[in-house]
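Here are my notes for your review. Please keep the structure open as you read.

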Amino acid sequence: MSENDHSKELRSWCANEKIDPQHAILLVGVPSDTDVAFIEDTVQTVKVFGRVRARATKEGTVPGTFLVLCECREKICPTQVPSEVLPSSGDTWKIVVVKDEDPNVNAFSDKLSQFLSREGKSITDLQSLINPLASNVTSPETIIRAIGELLEKTKPTSDGQAYRRLRIFSGIEPTPVGEENSENWLEQARLMIFETDCSTKEKRKRIVESLKGPALEVIKAVRVNNPDATALEYIEALESAFSTSESDKKNR
């Protein structure tokens, strides 16, 4: 895959994960058994990135490696970003950033991504409608028509209005790549509960669909003991199971 292809992959991936591409980088050639904490510590040695968090992974073109999507605290300045980073062991990892394009194109792309994000959709959803068209795929009429078709086909129900999807949380430590740690996940979940205008049933559903592993088992136990438990009671149970253990560790 060429550098230009990787840059396009990064932009598309950012849209799907709802990450600002100006605060994102793509790592290429990371061994598939690399721990997420090691990835973040290695990339943070490049000071221009600030704090770095590994958000998601995909299988790489080279067997045994994967692509890693990272979100950076600092805004990315392409001219200051090195082409690769050398971990303390193993081969170098290639660093890809979103390439500069026509400012008008970038402005339209950013506004389009923001619009789709508010509707709970992504660029990939839109592309699935545009790609099959035979010609003139980049015309404004084509894009507008595709957006209209996308929103018509995927209208949210009154209980499932667009919202920022909760990231995956399992409670496993160290936090696996693509998952959220307990502190951040609990904060996001509380915001969803108190700021989203939907039923208790829908809020419970949104929490459960973001859980896996030990965290999901906690909620299963809660539901067995109290089938009518509220979304907030779900959060309190998870906070008791995982947040406390983290604070205990800090006090040791």
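How far apart are the end C-alpha atoms of H1, and what span should its 15 residues have at 1.5 Å a residue?

1. **Span of H1.** This is a predicted model. The expected span is 1.5 Å times one less than the number of residues. For the 15 residues of H1, that gives 21 Å. The end C-alpha atoms of H1 lie 21 Å apart, so the two values agree.

2. **Buried residues of H1.** Look next at the side chains. His 6, Ser 7, Glu 9, Leu 10, Arg 11, Trp 13, Cys 14 and Ala 15 of H1 are buried. In general, an α-helix has 3.6 residues a turn, so residues three or four places apart point the same way.

3. **After H1.** Lys 18 follows H1. Its phi is positive, about 60°, although Lys 18 is not a glycine. Lys 18 sits in the loop between helix H1 (3–17) and strand E1 (24–31). Its relative accessible area is 23%, so Lys 18 counts as partly exposed; buried would mean under 20%.

4. **A cis peptide bond.** Check Glu 173 and Pro 174: a cis peptide bond joins them, with omega about -5°. Pro 174 belongs to the loop between helix H5 (140–153) and helix H6 (182–195).

5. **The whole chain.** The chain has nine helices and five strands. From the N terminus, their order is α-β-α-β-β-β-β-α-α-α-α-α-α-α. Of its 252 residues, 38% count as buried. Among contacts with a separation of 6 or more, 63% are between residues 24 or more positions apart.

6. **Surface.** The accessible surface of the chain is about 14,400 Å². Carbon and sulfur atoms account for 50% of that surface.

Notes
Residues numbered from 1 in each chain as written. Predicted model: local features only at pLDDT ≥ 70, side-chain atom pairs only at ≥ 80, totals over all residues. Heavy atoms only, no water. Helix = DSSP H or I, 4+ residues; strand = E, 2+ residues; numbered from the N terminus. Buried < 20%, exposed > 50% of the residue type's maximum accessible area, 1.4 Å probe, protein only. Contact = heavy atoms within 4.5 Å. Areas by Shrake-Rupley, 256 points an atom, 1.4 Å probe, with all protein chains shown as cover.
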